[in-house]
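Please keep the sequence and the model in view while reading.

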Amino acid sequence: MYPSRTGILAVLTLALAFSTQSMAQDFLRTGPHVFNYNYAEVKYVDVDNADGFALVGSADIKPNLALKVQYVTLSAGSFDSNLLRLGGVNYVGSASYSQADWVFEAGLDFAGGDGDSDTGLFVSGGVRYAINDALEVNGALEFSTVYDTDLTAHVAALYEVSTGFAALVEAELGDDTSIALGLRFYWR
């Protein structure tokens with residue numbers, strides 16, 4: 001399968017926006033970040049006609065760089081499917097908004113279920129924004145090649161219910177629309 005024109009256009013637009021240092025400096029800054037990228041989360045996921053659970057882990061390996069692992073298992077009647085996602089996260093504080101980080105992710109997807117499997121790549125770009133000390137919203141556009149080529153929009157909100165714990169709600173809008181509810185645990 002060939003990538004869709006919309007997906008290619010999105011990836012090229014992101015690359016062009018940050019291709020020159022002067023353009024990147026208008027959007028990005030260096031220095032301390034508002035957000036913690038060391039976390040583990042568990043969430044219930046409802047995707048069209050299937051539901052299941054997801055486990056996600058993220059850990060800083062050096063400044064502005066984290067590793068992220070996600071495992072999703074879904075069931076619809078007698079059909080079961082699994083997704084394993086391994087990737088890297090690059091995050092940079094926004095020059096215009098001190099309460100925001102630009103977040104870029106890329107990696108591999110391994111999907112399978114009932115005798116059918118596929119491997120693909122993903123790349124995404126988005127933003128995390130802290131509305132206040134307890135509430136965060138974020139959004140991203142993601143381009144993925146597993147099974148078929150898709151462009152998906154992700155939106156989420158996290159509310160800190162206790163020190164180190166946040167409740168989350170998120171949605172993905174694309175070929176397969178999903179909603180998830182969960183809990184995230186942060187560590188330093």
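From the N terminus on, the elements of the protein follow the order α-α-β-β-β-β-β-β-β-β-β-β-β, which amounts to two helices and 11 strands; helices (H or I, at least four residues) and strands (E, at least two) are DSSP runs, numbered from the N terminus. The model is a predicted one, in which local features need pLDDT of at least 70 and side-chain atom pairs count only at pLDDT 80 or more, whereas totals for chains, interfaces and linings use all residues. Residues are numbered from 1 along each chain as its sequence is written, and side-chain values use heavy atoms, with hydrogens and water left out.

## Surface and contacts overall

The accessible surface of the protein comes to about 10600 Å², and 63% of this area belongs to carbon and sulfur atoms; accessible areas come from the Shrake-Rupley method with a 1.4 Å probe, and for residues only the protein chains shown count as cover. Of the 188 residues in the protein, 35% are buried, where buried means under 20% relative accessible area, exposed means over 50%, and partly exposed lies in between (1.4 Å probe, protein chains only). Among the contacts in the protein with a separation of 6 or more, 43% are made by residues 24 or more positions apart, a contact being heavy atoms within 4.5 Å.

## Salt bridges

Side chains of opposite charge can pair when their charged atoms come close. With a salt bridge taken as a side-chain nitrogen of Lys or Arg within 4 Å of a carboxyl oxygen of Asp or Glu, the count comes to seven salt bridges. The table lists three of these pairs.

| Salt bridge | Closest N and O atoms |
|---|---|
| Lys43 and Glu170 | 2.6 Å |
| Arg85 and Asp109 | 2.6 Å |
| Glu136 and Arg128 | 2.7 Å |

Lys43 and Glu170 form a salt bridge that links distant parts of the chain, since Lys43 is in strand S2 (residues 39-47) and Glu170 is in strand S10, 127 residues apart. Lys43 counts as buried because its relative accessibility is 5%, while Glu170, at 22%, counts as partly exposed. Both residues also belong to a network of salt bridges that links Glu41, Lys43, Glu170 and Arg184.

Arg85 forms a salt bridge with Asp109; Arg85 lies in strand S5 (residues 79-94) and Asp109 in strand S6 (residues 100-113), so the pair ties together parts that are 24 residues apart in sequence. Arg85 counts as buried at 11% relative accessibility, and Asp109 counts as buried at 1%. In the pair of Glu136 and Arg128, Glu136 is buried at 7% relative accessibility, and Arg128 is buried at 7%.

## Residues in the strands

Which residues does Leu86 touch, not counting residues up to four places away in sequence? They are Lys68, Val69, Gly107, Leu108, Phe110 and Phe122. Leu86 is found in strand S5 and is partly exposed, because its relative accessible area is 37%; its C-alpha atom is separated by 6.6 Å from that of Asp109, 23 residues apart along the chain.

Gln70, in strand S4 (residues 65-76), is buried with a relative accessible area of 15%. Leaving aside neighbours within four places in sequence, Gln70 is in contact with Leu55, Val56, Leu83, Leu84 and Arg85. Ser124 lies in strand S7 (residues 116-130) and is buried, with a relative accessible area of 7%; on the basis of leaving aside neighbours within four places, Ser124 is in contact with Val103, Phe104, Glu105, Leu141 and Glu142.

## Residues in the loops

Most residues other than glycine have a negative phi, and most peptide bonds are trans. Asn64, which is not a glycine, has a positive phi of about 70°; Asn64 is placed in the loop between strand S3 (50-62) and S4 and counts as partly exposed at 24% relative accessibility. Tyr147 has a positive phi near 65°, is found in the loop between strand S8 (135-144) and strand S9 (150-162), and is partly exposed with a relative accessible area of 38%.
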